[in-house]
Structures are given as structure tokens and as C-alpha cells.
Amino acid sequence: MLRFSRNSSSSLECLAVVSQRGNSTIASYKDKKTFDKILIANRGEIAIRVMKTAKAMGIKTVAVYSDADANSKHAKFADEAYNIGPAPSNQSYLVQEKILDVVKKSGAQAVHPGYGFLSEKYFFSRALRDMGVKFIGPGEAPLKCMGDKVESKQIARNAGVNTIPGFAGILKTAEDAVKAAHEIGYPVMVKASGGGGGKGMRIAWNDKETIEAFRLCSSEALSSFNDDRMFVEKFIEDPRHIEIQILVDQHGSALYFPERECSIQRRNQKVIEEAPSVLLDPKTREAMGKQAIQLAKAVGYENAGTVEFLCDKHKNFYFLEMNTRLQVEHPITEMITQQDLVCHMIHIAAGHPLSVQQSDLKIVGHAVECRVYAEDPYRGFLPSIGRLSKYKEPSIARCDSGILEGTEISPFYDPMVSKTITYAPTRAEALEKMRHALDSYVIQGVGHNISLLRAVLDHKRFIDGTKISTKFLAEEYPEGFKGYHIDVPLSQKFAAVVFFIHTSLEERDYSVSGKKPPSHRRMYFELDEYNYWIGHSNKTDGKFQRYDIFESEDSTTPLATFGFTSDWKVGERVIKTEFEDGSVEHTQLIEVLPTGYKVSLKGSDKKVKFLNPISKKLLKHMPVLKKIDTSKFVLSPMPGLVKSVAVQPGDKVIVGQEVAVIEAMKMQNVIRSEKDAVIKSVLVKTGSSVHVDEILIEFEA
């Protein structure tokens, strides 16, 4: 199926992304001829990212889309779009023959693979070459050897690149993995040779965890990459994840860019990235860059790639892997170097020499990227699916996304909503800009991780930057993330904002009826463990609206007084308030409730009680809803596909014992019993589709 999209806004969006990057890259190539038409063999935000540069270069774009993506943003943004089959990626985006068929039909002269799917498959590159179509990426040989994590480490070692100790070979069974772990010494990292993106890798601290990791990782890798070969290497404790972007043309020029730090991770998947790293000094940066180039030359690499390293606190660094594609986090490199990496990739593929030299790649400012995911950080980062009933990206940040309001977040693909990127002259300013961007990011209809991102951005250890590692989230939230911590000053400040919202809504309502609004008496405020009484302050100067916070209804001396200005208008979702102390807060009004308001503060949805004195007295007479007892059941914590069931009726289980495995967005999630019990019934079977909170297993009473 061929569909032509409407591109009335396309040129404006292209210009926006070009100007955002201060993009002189296109001009630097002086209108050198590249391609007339490019197919992007991907979906979502990366497909749109590539299309924007291609369109700015005057190149027509071709999209492919699955049935689930029929109304997607990337399919509409392209000049042409072709359906390639059912939603599961192994029936659409991973089927090489379908992509090649669209290449022929569309007449595309080159293919950009984006990241994931077929981007690092050497046989895809070879098939395109045989068709006379350019693959915008490295050649078949480097794709093949760098795509095999065991072989890549051997090559790196031979090229003089620092490497992590590990088992030099493929492991066939879990028992082999345990034997290798004993030789290396715990802790170890169990990894899929063809894995990536956090999938197919787990840390193991003992034999039991090694056996489980081998089983889960091989299954994930087979599902996501059709390659379940496994290996084991030493896990470097307290490491920082730092990577070097490279560009290599066909004329012998090889450049390395300033580093990106990607140490804030969950499930071995990056969450927050920044450039440059707080850790590195110029000497270490140069050493890492030179080793990255050594590796590239050793395999005859061409085009864009990234060499990933683990660094310890002493700045010793070890080769982790080479990603033979454009990275998810490439925008932060673009921001601090003012280069368009996609433009360079296209020109390299067209045979042109690089238009920049190593001396041109200087660090200018600081950039931060937050990956906004549709997931529940309060339930172990389990994916969240559903329709985006409200969606609005912050205007003060660069947001690379592939969704629109009304988009369905499906269980078939990665749950990333967007990459939100901020740039400023200093790290502190870039972080502050990111805080404001996330606070004003409107997402409704699915769960998201903005509360976690905000908590990290405000954490003293992260702000300092010198003592972070890939274990940051595990160390700071050992019992799991419980939400953004609201302290006393913030709760009082927020109480004043809610009073402002309430009186504004009240004045709007009375202006419609023509009646005089009631005098602004004290109101009762309750949020989590905090409760106050709030009223207008007598300390006014006409510039700031001031509010007094009291301990009780009858208190005469306020606990605190807050003054702020705001140009918020009733009907707007985001309330921006600028306080007397210079701080700026963004609050989102989600819903008016019978006893108050549902709001979003620091990425967390909160129900606030806000009552007049009479309503406060009557509240105690309201019946309290009883919580439903679910202790007799094992519920699915996420929507997904049941991959296996480990128990049957009559079995005895203990706390922590595996009862089932559910796959969601290509990640294997082990479901464990939370009590010692006897299985009464099993309500699902392998292959069943389940929704969130669906009953999987029932225990005997």
C-alpha cells in the first residue's frame, strides 16, 4: 500500500531542527550531490529525525510502517509510505524481504536504517549492495565482526584497545555460563552476543542468578535480534558508561567527537545522557578517542559509529562494545559540536570526504538528554500501554519524538515516548532548563517516568556529578522508586499555588453567573503527609500575589509566606509561577475533584484535598472505600504475552519463587510469588495475552 502524506508543516519542522542545531553542516558540503530519494527502514522518532535532515537537504523520503503504525507520525511525515505487514516486528520491520521490496517499488537510492531492527545486520547491508542501493552505514565486514560481541572484543584486544576480562567464546548452556563465571569470578555480566539496547544482558552475583540470567537473556535476544548466542564477562563495579562518537569517510579521514556519558541506567538501558562527561579530562578524552579510531581502522570501518567504554573512578577505561549505527543519544553530541550527524552520514554514503577536521570538533556548552518512557517507575519500570489522551511537548527543549496526541502506545515496540534534550552554556543551566521542560511536559493516558527523571535531576549526587555510576538508581532507590520526595518548603509553596488555582477558577465561575465571589477565607490543604491552612497575605505590594501558610485554622502567626507572579489563564494545563526568591515552578492542573484537585507536580500525579472550613468538618463523615483484598492472587503487573508458566494446581511455592514469565516490549519479566502458598488454579497458559492487573494464578485460601 502506498500513501502520500500531507507536508504542509514539513518544511517548517525541518527548518526548526536545522536552526535548533545551529546547523551549518549542510552548507559545509557546498551542495554536493547525494541522493534523490532515501528510504528509512525504521519507525518512530528516529525515522522522523532522519527525514528532517533529508528534507532539509532536498531529498525525498520513504517510510515503511506496520499495521499498528498505519496512522503514525513518521508515516505521515514522509513523502511516501508503504505498509509492510502485521504489528509484530518479526513480521514487519525485521523482515528484510519486505523492506527490499519497498526499496524496489519506491526507487529509493539509499537506505538509512536508524537504530535497532535491521540497522546492524550485515546481511541487510549486503542485500542492498547487491541491489545497487547504498546502505547509509558501515559495510558488511565491520557490521559482522562488531555485531558479534565476542569477536569484537578479540579484535579490540588485538588492536591495542583496553578490554574487560571475560570468557573468549560462545556459551551453549547455562552450565557453561556458570563454569565461565567461576573462572572469571563474580560478579559477572551475562550477555547476548547480538544484543543491545539493554536487552539480553543481566548481572549475576552467584550460580543461581547466572542460570536464570542465561535463560532470560537468550530468550530476549532470540525474540529481539533472532540471535541467542551468549557469553560472560567480568562486571566492573561502580563503572561509568562513557562513549565516543566517530565518523569515518571513504577517503581515509577518521574523527572522534567529545564523549557522551550514559551512566544513569535502569535494566542496563540508558535513561539520562549528557555531554561532555564531568569525569573526563582532556588527556583521557584524547586517549579514548584515539583508541576508538584504532578500532575503527582495524575493521575497515566507514560512516558513523560509537565505541562504548566503561570507566572506573580512576579514569581507567575498558572497551564495552561498538555500536555500528546512529545512537539514540546522538542529539547531545550534535548540540555541543554544532554538527548534524545524519547529514554527515548521508554525505559519507554518497562518497564525499568529510567537511570537518578533528580540530573543528570542540566542546561548546553542555547538553542533557532525558528519555521519556511510557512505563511505571513505581512498579519496577514495567511498560505502560494505552492511548495518549493529552500530549504536549515542552517548548523550551528539543523533543525528538514519533508520536502525537491520540497515538496508541502499543506492546509491540520500545516504550520510549521521546528524547527530551536541553542545551546551555553550562551543565547547571542545562540541568535547570531540563527541569522546567519536564515539569511542563503534558502526558496523559499512559504512565511515564518523568517523576523519576525529575528526582534524579534534583539529587545532590547527580548534581555534583563526580560520584555517579551505572549503579546510581539501584543504590539510591534500593527498594524501588517511590516517587519524587516533596519536602516541607515545597509542600508549602505548592499549597500557595493550589490556592491561586482555586481562587482563579472561583472568580471565573462567578464572573459567568454575575454573582460576587466569596471573600477569600482560609482554606484547608492536604497533600500526602502534609496539611495546612492557607489564606491571602496582608503583605502585598501590587507586584506579587502573596499567601500565608498556617498550621491550623485559628493560627495567627503564619508558618511561611510565599509571593509569586503568574500569567496563567483558566483553561490552560500548565501553571507557571515565578516566586520572589527567583525560583520557577510548573504545576499541571489535570482534573477538578469533589474534594480538591488532581495535579501533576515534578512529574507525579497527586490528589490534593482543598476544602473550605465547613467542608473540612463534614469530610470526616464521608465513608471510606475499602481496599480490595488481592492477596489470594498473582496479578499481571503489565500488559504482555505469557512466555512461560512455571507452576500448576497443587504446587507449593515460596516467597520469591518464579511462577510465570511475561514478555512486554521485547523484555522478559519474571513474575514471582509474594507469599508461601499452594496453587489453587492457573488461569493463563503460554502464549496468552494478558492486560495489566489480570489474574494469572489463584492461591488456596
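In which loop does Gly650 lie? Gly650 is found in the loop between β34 (640–645) and β35 (652–653), where helices (H or I, at least four residues) and strands (E, at least two) are DSSP runs numbered from the N terminus. The structure is a predicted model, in which local features need pLDDT of at least 70, side-chain atom pairs count only at pLDDT 80 or more, and totals for chains, interfaces and linings use all residues. Residues are numbered from 1 along each chain as its sequence is written, and side-chain values use heavy atoms, with hydrogens and water left out.

The mean pLDDT of the protein (the predictor's confidence in each residue, from 0 to 100) is 91, and 95% of the residues reach 70 or more. Over residues 1–22 pLDDT stays under 50, and for this stretch the model has 49 contacts beyond four places in sequence; a contact means heavy atoms within 4.5 Å.

Gly650 counts as exposed because its relative accessibility is 52%. The classes are buried, under 20% relative accessible area, exposed, over 50%, and partly exposed in between (1.4 Å probe, protein chains only). Residues up to four places away in sequence not being counted, Gly650 touches Val678 and Ile679. Between the C-alpha atoms of Gly650 and Gly640 the distance is 26 Å, with a separation of 10 residues in sequence.

Strand β30 (residues 584–593) is largely enclosed by the rest of the structure, because 8 of its 10 residues are buried. Strands pair if DSSP finds at least two bridges between them. Strand β29 (residues 574–579) runs antiparallel to β30 and is joined to it by 5 bridges, with Ile575 opposite Thr587 of β30. The hairpin of β29 and β30 has 4 residues between the strands, and in it Gly582 takes a positive phi near 95°. Strand β31 (residues 596–601) is also antiparallel to β30, through 6 bridges, and a hairpin of 2 residues connects β30 to β31. Thr587 stands opposite Leu601 of β31.

Helix α9 (residues 174–184) and helix α10 (residues 207–225) have axes that come within 9 Å and cross at roughly 135°. The contact involves Ala174, Ala177, Val178, Ala181 and His182 of α9 and Asp207, Thr210, Ile211 and Phe214 of α10. Axes are lines fitted to C-alpha atoms, for helices over the stretch in contact, and angles run from 0 to 180 degrees between N-to-C directions. The two helices, α9 and α10, are therefore oblique to each other (under 35 degrees is roughly parallel, over 145 roughly antiparallel, 65 to 115 roughly perpendicular and the rest oblique).
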